[in-house]
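Try each task before you read its solution.

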Amino acid sequence: MKTDIWLAKALDKIAPCVRPRLEAEYRAHIDGMREEGLSESEIVAQLGNAKTVNESLLRQYLSAYEQKVLEGRSWKPWRVWLPLGGSLAITVFLLLLEVPLQTIWAVPAFGLICSLFFGQRTKNMGALQAVIWLERRGRFVGISFLLLLQALSWLELGHIQPSLLMPMLPSLMPMFTKNPLTLEEKAIRSGWLPKAKS
Amino acid sequence: MPRFAMPRISIYAPYMNSRDQLRMLILAVLERQPEHGYAIAQAIKTRSEGLLTAKEGTLYPTLHGLEAEGLIQSQETEVAGRMRREYRLTESGLTTLNRARGTWRKQIRAIGAVLGEGA
C-alpha cells in the first residue's frame, strides 16, 4: 500500500521511544482521509513529501541512533555537582590563602565547563534544564566572554591565556547550525527524559 | 550532517513566514474548540474555502512543537470507538495567538501599502 510506504519513509530512523505515538497519529489521519473517500495516491499527495516530513521529525525528535547514544551514557547526578562544587571549594581555599583572583579565575571556569560537559549526562532534571538554558542562551555570553578575554589579553591586562579557552569553541558551534534543539531537548520532547515540573 | 545557517530570530521579526502562519492557523482553529489532527487540517481547508492546503504530513511536527512550547495541550480520547489525540489551546497559546494576529494585520497593512491597496 502506498500509504504504508509513505509512513515507513516518513518515520525512518525515528527513535523507538517516540515512533508509536507518531505512527498512531498518522494512521488516524490516513483513516480519516480514507473515510472521506480519497484514493491512496490522493492521500499520499496530500500528506506531502515523506522525505521532508522525515527531516522535520528528525529535527524535533530523537533518532534511533541518538536514543542508543543516550542509553549508552552513564547517568550520575554527582557528575554535575562535583566539578562545580569542587572547583568552587578550591577557589575559596585559594582565596583564603590570599592568592589573587586574577591568577585563579581559571579554576571556577574549568569547573563550570566540566560541569556543563558532564551535565549532559545526568537525569537530574534541574541540572539538565540548567545545561539546556546555558547551551541555548549561554552561547552569546560565551562568545562575549571569549572576546572580552581576548581584548584583555591584547591590552596586556591580567594573566590570561586565551589559548586555554580554545576547547570551549566547539561548544559554540551549535549556534551556527540549522537545528535549534539540543540532544537533551529532543530527548525531553521525545518522552525519553521526563518533562521538568513547572 | 548539520547545515550551517544563522540562528532563527523570528521572535523579533515583524513578519511571519509560512511556518509561523501554519502555527497561527492551528492556534486559531483550536481557539474555537479542542480538535484532533485530522479535524484541524480539515478546518483550515474548509474555513479558507480550499485555498490553504498545507501538506498534512507537516501538521504533526508543528502540533508537537506547539505542545512542547506549552501553547497547546493534548490528551488521548475515544472518538467513534477509536483512540484519537485531541489538542486544546492553553492560556499561553491564546496570548500567542492574539500577538500573532496583531503581527499578521501589520504585515497585511504593509504589503497593502506597497501594492497601493486599501490605503
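**Exercise 1.** Among the contacts in chain B with a separation of 6 or more, what percentage is accounted for by residues 24 or more positions apart?

*Solution.* Keep in mind that the model is predicted. Step one: take the contacts in chain B with a separation of 6 or more. Step two: pick out those between residues 24 or more positions apart; they account for 47%.

**Exercise 2.** Describe the secondary structure of chain B.

*Solution.* Step one: count the elements. Chain B has 4 helices and 3 strands. Step two: read along the sequence. The pattern is α-β-α-α-β-β-α.

**Exercise 3.** Compare the span of H1(B) with the expected value, then find its buried residues and what covers them.

*Solution.* Step one: H1(B) has 15 residues, and 1.5 Å a residue gives an expected 21 Å. From first C-alpha to last, H1(B) reaches 22 Å, close to that value. Step two: look for residues under 20% relative accessible area. In H1(B) these buried residues include Leu22(B), Ile26(B) and Leu30(B). Step three: look at the cover. It includes helix H2 (37-47) and strand E2 (72-79) of chain B.

**Exercise 4.** Which element gives the most residues to the largest nonpolar core?

*Solution.* Step one: find the core. It has 38 residues, and those with the most contacts inside it include Trp6(A), Tyr26(A) and Ile26(B). Step two: name the element. Helix H1 of chain B gives the most, with 7 residues. Step three: follow one member. Leaving aside neighbours within four places in sequence, Tyr26(A) is in contact with residues including Leu57(A), Tyr60(B) and Pro61(B).

Note on methods. Residues numbered from 1 in each chain as written. Chains lettered and ligands numbered in written order. Predicted model: local features only at pLDDT ≥ 70, side-chain atom pairs only at ≥ 80, totals over all residues. Heavy atoms only, no water. Core = buried A, V, L, I, M, F, W, Y, C linked by side-chain atoms within 4.5 Å. Buried < 20%, exposed > 50% of the residue type's maximum accessible area, 1.4 Å probe, protein only. Helix = DSSP H or I, 4+ residues; strand = E, 2+ residues; numbered from the N terminus. Contact = heavy atoms within 4.5 Å. Expected span 1.5 Å × (residues − 1).
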